[in-house]
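I opened a new model today and kept notes on what I looked up. The entries follow in the order I made them.

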Amino acid sequence: NAVHSYQCHTPLVSVPEKCFIGDKRVVHHNQYVSAAAGCKNGFQPWPQLESASGPKVCVEEVKCVKSFEDGIPDCQMEEGSSELVQESCQDKIGGVAFGY
């Protein structure tokens, strides 16, 4: 697989499990993840959902991710506890949907 981009990932953080139901479950899930992750310096909260197939979505771990498409970042400089992850074209196509 060719490298599509590089990402810096902070370590996963366990948070109190929270589940959401109803029409706004994805919106409320994403708001909870954003608040719990507390990302800064251009990092984005993970996981962020675009849709949900089931009646309930739950989350118990969060992290922060920052993507770079031009060059290999120094993740330690970006966020001291983050680590470098390579994202392939395959990850880009199907990875987000499968939680990679």
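How many bridges join S3 to S4, and do they run parallel or antiparallel? I looked up the pairing and found 3 bridges between S3 and S4, which run antiparallel. I noted that the model is a predicted one.

Next I looked at S2 (13–21). S2 and S4 are joined by 6 bridges and run antiparallel. Here Ser14 stands opposite Glu61 in S4.

Then I turned to the core. The largest nonpolar core has 13 residues, and Cys8, Tyr32, Val59 and Val62 have the most contacts inside it. S2, H1 and S4 each supply at least two residues of this core. S4 gives the most, with 5 residues.

Which residues is Val59 in contact with, leaving aside its neighbours within four places in sequence? My list reads Pro16, Glu17, Lys18, His29, Tyr32, Val33 and Pro47.

Pro47 got its own entry. Pro47 is in the loop between S3 (44–46) and S4 (56–68). A cis peptide bond joins Trp46 to Pro47, with omega about 0°.

Last, I checked Asn41, in the loop between H1 (25–37) and S3. Asn41 is not a glycine, yet its phi is positive, about 55°.

Definitions and conventions
Residues numbered from 1 in each chain as written. Predicted model: local features only at pLDDT ≥ 70, side-chain atom pairs only at ≥ 80, totals over all residues. Heavy atoms only, no water. Helix = DSSP H or I, 4+ residues; strand = E, 2+ residues; numbered from the N terminus. Core = buried A, V, L, I, M, F, W, Y, C linked by side-chain atoms within 4.5 Å. Buried < 20%, exposed > 50% of the residue type's maximum accessible area, 1.4 Å probe, protein only. Contact = heavy atoms within 4.5 Å. Pairing = 2+ DSSP bridges.
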